Amino acid sequence: MQQASLSNVLKPALSSSQECIVPLSPDICFGSVTMGGYMPCLAAQYASHYASQRPGLESQASLRSMNAQYYRPLFPARGPVRMALREISVGKAWSTLRVEVFQPTKCTEMAISVDMLYLETHTDPGWICYHTSFKPNGFRRAHSYLKHFIPVDWFPETPFIEQWVTPGWDCAPSGSSLHSKESSNDDGMENDPRARWTTDMIPFIMDASLPPECNFLPSKHDLQLVSMTAFLRYAAAQKKARERGEPNWRDVPNDGSEGFDASIVNVALAMSIDIRQELPAEGVRWLYLRNEVKCIRNGGVHVEATLFDEKMRLVAVSHQTGQFVSAGKKRMKKTESRL
């Protein structure tokens, strides 16, 4: 088979609209993954072609500078990519265009079949709810702001956690939602009093995942408290309490909602977030969050998080750098006063 010409590969059929589909050459790869510098070349070609056809930008169709960010590998075997273009700023001397590249991924396939009605009523057999109980002086108060729905089937040492999340702060301290089912109407959101996710909450959501890095802690004691196995155990206990009709079904002994007995925790040192699309102004009830551990080294951890809406359209991508520290450093002494 003859090697593809780079000149020809970098001149695909392009559209003058703000979206186009482009095939990837299987020749320009390392292994099965597209070379990193190949995609920016295609994006630059698309931006220049768009500018040359757009009134007011014809004189700015040459490339001045470029900034590329990568969030996941691209595989030619998965098919073509979709490129979407946005005009960030248009000026007389130069303009800024943003080109985003999308390709179907495995996480889309895993989560696309979920029915939100079944999650809302705790009746989906493949997903189970874990909702941290809110305690005014509890250790894990922040997690109580989300209801996490996690897969029932999970394999140890999996480097990621996938979860559907819905707001959890409009709930009784240790029970179900304060709003009755009769007042909840997804077809008429203006009459739906339930809390909803909005764009300004995205950084909070990205950081509030159940921690996948805790699946790799060396201490068996810590694994019993904060690993995925532990969260499934807490979720199963909450499910049994709900089925028994207990009003305080969220109360689970030793889950960290009150006291926290683990020896180490992960604290965030840096976070970058790229918001790919804003949520509707009225907000949404459900989002899909996938957090994956990329590296653990010398007490540090790097986690990538991707956030999707109900239709599995990418909402945001986040990269977080953290450090494992003693759990005692998360507790402020009574005599201390810090910002």
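Helices here are DSSP runs of H or I with at least four residues, and strands are runs of E with at least two, numbered from the N terminus. Keep in mind that this is a predicted model.

Q: How many helices and strands does the protein chain have?
A: Going by those DSSP runs, both kinds of element turn up in the protein chain. The count comes to seven helices and twelve strands.

Q: What share of the residues of the protein chain counts as buried?
A: Buried here means under 20% relative accessible area. Of the 339 residues in the chain, the share that passes is 45%.

Q: How far apart are the end C-alpha atoms of helix H7?
A: H7 covers residues 228-243, so that's 16 residues. The expected span is 1.5 Å times one less than the number of residues, which gives 22 Å for H7. The model agrees with that, as the end C-alpha atoms are apart by 22 Å.

Q: Which residue in S4 is the bridge partner of Val 22?
A: Strand S1 (residues 19-22) has Cys 20 and Val 22 on its covered face, with Glu 19 and Ile 21 on the uncovered one. S1 pairs with strand S4 (residues 81-89) in the antiparallel sense over four bridges. In S4, the partner of Val 22 is Val 81.

Terms used: Residues are numbered from 1 along each chain as its sequence is written. This is a predicted model: local features need pLDDT of at least 70, side-chain atom pairs count only at pLDDT 80 or more; totals for chains, interfaces and linings use all residues. Side-chain values use heavy atoms; hydrogens and water are left out. Buried means under 20% relative accessible area, exposed over 50%, partly exposed in between (1.4 Å probe, protein chains only). Two strands pair if DSSP finds at least two bridges between them.
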